[in-house]
2 protein chains.
Amino acid sequence: MRFDAAAAVLTVLDQTRLPFEVAYLHAHSAADCVRLIRDMHVRGAPLIGLVAAAGMAIAARCDSSDRALAVAAAHLLDSRPTAVNLRWALQRMQQGLAGVAIGDRAETAAALLLQLERMEYDCCERIAGHGYELLRQRAQQRGGDAPLQVLTHCNAGWLATGAWGTALAPLYRAALEGLPLHVWVDETRPRNQGARLTAWELAQAGIDHTIIVDNCAGHLMQRGLVDLCIVGSDRTTRSGDVCNKIGTYQTALAAADNGIPFYVALPSSTIDWELDAGADIEIEARDPGEVLQQDGQCANGDAASVRMANPGSRALNYAFDVTPARLVTALISEHGVYQANSVSLGLLRAALQSAAKDRFVGVEPL
Amino acid sequence: MRFDAAAAVLTVLDQTRLPFEVAYLHAHSAADCVRLIRDMHVRGAPLIGLVAAAGMAIAARCDSSDRALAVAAAHLLDSRPTAVNLRWALQRMQQGLAGVAIGDRAETAAALLLQLERMEYDCCERIAGHGYELLRQRAQQRGGDAPLQVLTHCNAGWLATGAWGTALAPLYRAALEGLPLHVWVDETRPRNQGARLTAWELAQAGIDHTIIVDNCAGHLMQRGLVDLCIVGSDRTTRSGDVCNKIGTYQTALAAADNGIPFYVALPSSTIDWELDAGADIEIEARDPGEVLQQDGQCANGDAASVRMANPGSRALNYAFDVTPARLVTALISEHGVYQANSVSLGLLRAALQSAAKDRFVGVEPL
């Protein structure tokens, strides 16, 4: 994403048209930003947070009264229910603007957005380092010259964030460091973010990969073809329950059943410190058409949508599920690797509060 | 399927065109039958066995020499590797024809095929009864008036067999008996047999159902929305390891993690008495195009295929996986309900051998 502060225009890559077309969309209002998020032109918890923050920056340029900003924030918060970064980013913006004179708010909002973007970049960079260390150790532990076999679900790469990703960041670092690598890409039904976006990202980066149906992950693990799993998160509770793309739970069960490490990479802004049990997370139910229809490209290059289900049958389409903390080997955050439990995450919170005081002057940590 | 013995023509429903079109195909040779199986115009372990047997009956009509029959059997056996009923049905036909004068073989083959079809009908009927009893008990145990929530994967209904199915047979019986029922239909990527075929079958029968992506099964179980799972099998070892459509293993893991009964309904011909460990079953790897492309119907009713994966990325497409016996609550066979272990299945084998002697005069049990 790119934000032009002078013109108050946000430009993003339209992810609904990837991998077949690289096209950009421009948002000129907070309402435009709501549409970008709601219709999934942008997706991925960290990027959703940044686009919502950009919506606030645009709103502040138009009408920076308390009332106008509150309305914009409420609409942006409603755009998708599950990712917690959305709320987090909006709170940061609102808190950062609260004490500022109305005439200065547009400028401050643009500066706060830039700060969030830098923070995001920094997060991805640190997650890449911590995650890479785990990959390297796993390759060493396993021995041999064969590529490290990593499985991932959905897309938690640079498309999902403002920088080079969460779950994919350690893989990009590993590729840079010369660690031999092969990635199993879960297609990630129903929206196929794996087959469309992760495969596209990995192909761009020249990283060897193979697409599989989500159903196949467990079988590959049984055959000893997976050394390690790594996924992102849309929301993680303070006890370490991980809400992520639907199907993550089943993948984690298969990893546990086969003794394969299952890592979750996440910026700490993804942690919902107010929630203990994952079962309390609101799970978004999306349009059943996503299950019954498939969008793609015909042989002649035209975009098309085909129905592959029985006409007249209905569908239910939960977008996320919750992987219980007991199935998570560790959480890879920008502040290091933590165990998925309240005690370990309590340490992360403490680290976060002290670090936040140093790093984000003028914006109080939540 | 319908076999015209006089004309030596097999007629089957073309399952690749369902649910959008009800069209029939005619096989005039064993080679036609190989194509029907290989290209999945017919599918489902029991039906594959019957079509292979029909192939032998057609071959016997053309050239009933030992050599010609052996060649036909070898080609039919090669048509798909995983389902064991294929081998079983071919062995039945070959053994039944071995001692018969060449001039009488065509007639005998047609009679043997009819016998297999009747046996298949009988199997489904008995499985329906035994399975229904389990559904009824589960509904009683759960209490309340809400419909029993059953989850199934792939298609093990009448389309997969010569009669009303294996996994779906108890559901049809339950509907007839007036047991309130709702079925969660896993779409079953990559070929969507659930969304296409099971949903079509259930709609025909007026049974309430909802299609979900395979990824969603575990989440529904976590939410307490599944009372019981029931699936079919393409091959089950003598120790109770169940080979079935890819994704069955992950579904079974989720069921076990949530304390939900996981049943496998199968004719005993699906049991491979020669194999102990499921890991020794040959797993078919099919065309990667099945993962990368999606066939379906456009809004204007035309058939179309869309690509939904990143162009240039490759795919791997294992068609089956193995669910370890420890995850299977019980096996529902035509001879009753057995535990998924060597001791219990040894009792089934004994029952089978004595029953086979009574019921299939002239064809020695294997």
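Which strand of chain B does strand β6 (residues 209-212) of chain A join? The partner is β14 (residues 314-315) of chain B; 2 bridges link the two strands, and they run parallel. Within this pairing, Ile211(A) has Ala315(B) as its bridge partner. Strands count as paired if DSSP finds at least two bridges between them. Strands (E, at least two residues) and helices (H or I, at least four) are DSSP runs, numbered from the N terminus.

This is a predicted model, in which local features need pLDDT of at least 70 and side-chain atom pairs count only at pLDDT 80 or more, while totals for chains, interfaces and linings use all residues. Residues are numbered from 1 along each chain as its sequence is written, chains are lettered from A and ligands numbered from 1 in the order in which they are written, and side-chain values use heavy atoms, with hydrogens and water left out.

Start with chain A by itself. It has 11 helices and 17 strands. Its radius of gyration, taken over C-alpha atoms, is 20 Å. Along the principal axes, the C-alpha atoms of chain A fill a box of roughly 65 × 50 × 40 Å.

One sheet in chain A is open and has 4 strands, in the order β11-β8-β9-β15, with mixed pairing. The edges are β11 (271-272) and β15 (320-323); each has a single partner strand, so one side of each is left without a neighbour in the sheet. The partner of β15(A) is β9 (residues 242-245) of chain A, joined to it by 4 bridges in an antiparallel run. Here Asn244(A) has Asp321(A) as its bridge partner.

Now look at the loops. The peptide bond from Leu18(A) to Pro19(A) is cis, with omega near 0 degrees. Pro19(A) lies in the loop between β2 (9-13) and β3 (24-27) of chain A. In chain B, the bond from Leu18(B) to Pro19(B) is cis, with omega near 0 degrees. Asn192(A) is not a glycine, yet has a positive phi of about 55 degrees. Asn192(A) sits in the loop between β5 (181-186) and α7 (193-205) of chain A.

Back to the interface. Chain A brings 64 residues to the contact (heavy atoms within 4.5 Å), and chain B brings 64 residues. The area buried between them is about 5000 Å², with 55% from carbon and sulfur atoms. Buried area is the accessible area (1.4 Å probe) lost when two parts are put together, summed over both. Asn215(A), Gln250(A) and Arg314(A) supply 15% of what chain A buries against chain B, more than any other three residues.

The rule finds 6 salt bridges across this interface. Each needs a side-chain nitrogen of Lys or Arg within 4 Å of a carboxyl oxygen of Asp or Glu. One of them joins Arg189(A) and Glu187(B), at 2.6 Å, N to O.

How values were computed: The radius of gyration is taken over C-alpha atoms; the globule rule is 2.2 Å times the number of residues to the power 0.38.
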